[in-house]
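Please keep the sequence and the structure in view while reading.

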Amino acid sequence: MAKKPGTNPKGEFAFFNVFYEDDSQRSNRRVPSELLGGLDGDEPARAFLMEQDREIAEKSGKPVLEIKRLERVGAKKK
């Protein structure tokens, strides 16, 4: 059954494109918004995504890839 319009809460997650050391990329990775902001900016997203990657690697049996950089989706380039 379809949801009523406006029932999805906005701003719960921030989305990031993640670039890895092997030059691969994963797009639109979700990070809870409450982890972000403050003096650390987007740096807590790196720790959150690294933990997710560690869990995924453990389940899949593949090695963990090191994150080279993060880019917030929709953010203006400097």
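Predicted model: local features only at pLDDT ≥ 70, side-chain atom pairs only at ≥ 80, totals over all residues.

Phe15 has a relative accessibility of 36% and therefore counts as partly exposed, since that class lies between the cut-offs of 20% and 50%. This residue belongs to strand β1, and together with Phe13 and Val73 it makes a nonpolar surface patch of about 230 Å².

**Sheet and hairpin**

- The three strands form an open sheet in the order β2-β1-β3, and their pairing is antiparallel.
- Because β2 (25-32) and β3 (67-72) each have a single partner strand, they stand at the edges of the sheet, and one side of each is left without a neighbour there.
- From one strand to the next, the twist averages 35 degrees.
- Strand β1, which covers residues 13-20, pairs with β2 in the antiparallel sense over six bridges; Phe13 has Pro32 of β2 as its bridge partner, while Val18 stands opposite Arg26 in β2.
- The hairpin of β1 and β2 has four residues between the strands, and in this hairpin Asp23 takes a positive phi near 70 degrees.

**Helix across the sheet**

- Helix α1, made of residues 43-60, lies across β1, β2 and β3, and its direction is at about 110 degrees to that of β2.

**Salt bridges**

- Asp53 and Arg29 meet through their side chains in a salt bridge with an N to O distance of 3.0 Å, a pair that links distant parts of the chain, since Asp53 is in helix α1 and Arg29 is in strand β2, 24 residues apart.
- Both partners of that pair count as buried, Asp53 at 10% relative accessibility and Arg29 at 12%.
- Within helix α1, Arg46 and Glu43 are three residues apart and so are separated by about one helical turn; their side chains meet in a salt bridge at 3.2 Å, N to O.
- Arg46 is partly exposed, with a relative accessible area of 22%, and Glu43 is also partly exposed, with a value of 48%.
- The side chains of Arg69 and Glu71 form a salt bridge at 2.8 Å, N to O; Arg69 counts as partly exposed at 39% relative accessibility, and Glu71 is partly exposed with a relative accessible area of 22%.

Notes. Residues numbered from 1 in each chain as written. Heavy atoms only, no water. Pairing = 2+ DSSP bridges. Helix = DSSP H or I, 4+ residues; strand = E, 2+ residues; numbered from the N terminus. Axes fitted to C-alpha atoms, helices over the stretch in contact; angles between N-to-C directions. Contact = heavy atoms within 4.5 Å. Patch = residues over 30% accessible without salt bridge, like charges linked within 9 Å, V, L, I, M, F, W, Y side chains within 5 Å. Areas by Shrake-Rupley, 256 points an atom, 1.4 Å probe, with all protein chains shown as cover. Salt bridge = Lys/Arg side-chain N within 4 Å of Asp/Glu carboxyl O. Buried < 20%, exposed > 50% of the residue type's maximum accessible area, 1.4 Å probe, protein only.
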